[in-house]
Amino acid sequence: MKLKDFGFTDGINEVIGITFKSDQVNTAPLGIIVDDDESDRARVKLYTSHTRENIEREGILYTNVILDPIVFSISAFEDLDSKFFDSLNPPIIKNALSWCKFSAKLTGAFAELTLLDGQICGKIVRAYNRGFAALIEALIYATRYKIVEDRAKEFIENEIYRCKNIVMRCGSRREKMAFKILEEKLGVNF
Ligand SMILES: Cc1cc2nc3c(=O)[nH]c(=O)nc-3n(C[C@H](O)[C@H](O)[C@H](O)COP(=O)(O)O)c2cc1C
């Protein structure tokens, strides 16, 4: 089993990370860092979060490769509820392209991941969309927004504003809806 079998390439792969606390499902976008996609090893830098707590306790991380902007937007701020899932064991979000199960061991700021299981489950064909890329960029800034100081906030606001222009020009209705969720969650109109 290799990472590339499930849609990962070398570099940073933006996916939805799924962890559990008892039966409670937790979802968060994560950047899975891959050096060699022919291997079964990866890592992820983890800031303080529920994902990190769950990994520390359970030692397991599931991922879903997915291209749904609304799933990314909701997961960046809260957990997807069960109606977003086709299955919870293993956790598969509707329209996911693949799922993977990793063993996850925390070492400092990172979790070292080893692929245990996985499956391809979707066949969506979609042209590259700059609006989707800009939305992901904006969400990364948005998740940092609340934890940075005022001067950094101004920089982040400018970056999100720049991303919004691309989302509005190039994105589909779903990217625009996802951007609206971002604005509602931050309480800022960009
Ligand atoms: C595209 C994207 C990638 C992200 N990658 C990471 C990451 O690699 N590590 C991390 O700790 N947080 C990352 N985040 C931020 C978390 O998703 C965010 O803090 C989330 O609210 C954590 O949720 P949780 O407390 O339920 O785990 C990323 C956010 C986005 C939008």
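In this predicted model, the ligand is surrounded by 19 residues, of which P29, K45, Y47, T51 and A76 are the closest. A polar backbone atom of P29 lies 2.8 Å from an oxygen atom of the ligand. For Y47, the distance between a polar backbone atom and a ligand oxygen atom is 2.9 Å. A76 likewise places a backbone N or O atom 2.9 Å from an oxygen atom of the ligand. The ligand taken alone exposes 650 Å², and 84% of that area is buried by the protein.

The largest nonpolar core comprises 37 residues, and the members that touch the most others are I18, I93, I160, F179 and L182. At least two residues of this core are supplied by each of the strands β1 (11-21) and β6 (91-93) and by each of the helices α2 (69-77), α3 (130-145), α4 (150-170) and α5 (173-186). Helix α3 provides the largest share, with nine residues. Both domain 1 (3-120) and domain 2 (130-186) are represented in this core, each with at least three residues.

The surroundings of F179 illustrate the packing around one of these members. When neighbours within four places in sequence are set aside, F179 is in contact with L135, A138, I160, K164, V167, M168 and F190. I160, one of these partners of F179, is also listed among the core members that touch the most others.

Definitions and conventions: Residues are numbered from 1 along each chain as its sequence is written. This is a predicted model: local features need pLDDT of at least 70, side-chain atom pairs count only at pLDDT 80 or more; totals for chains, interfaces and linings use all residues. Side-chain values use heavy atoms; hydrogens and water are left out. A nonpolar core is a set of buried Ala, Val, Leu, Ile, Met, Phe, Trp, Tyr and Cys residues joined through side-chain atoms within 4.5 Å. Buried means under 20% relative accessible area, exposed over 50%, partly exposed in between (1.4 Å probe, protein chains only). Helices (H or I, at least four residues) and strands (E, at least two) are DSSP runs, numbered from the N terminus. Domain bounds come from an automatic or database domain assignment. Contact means heavy atoms within 4.5 Å. A residue is near a molecule or strand if one of its heavy atoms lies within 4 Å of it. A polar contact is a pair of N or O atoms within 3.5 Å; within protein, one must be able to donate a hydrogen and the other to accept it, and residues adjacent in sequence count only if both atoms are side-chain atoms. Accessible areas come from the Shrake-Rupley method with a 1.4 Å probe; for residues, only the protein chains shown count as cover.
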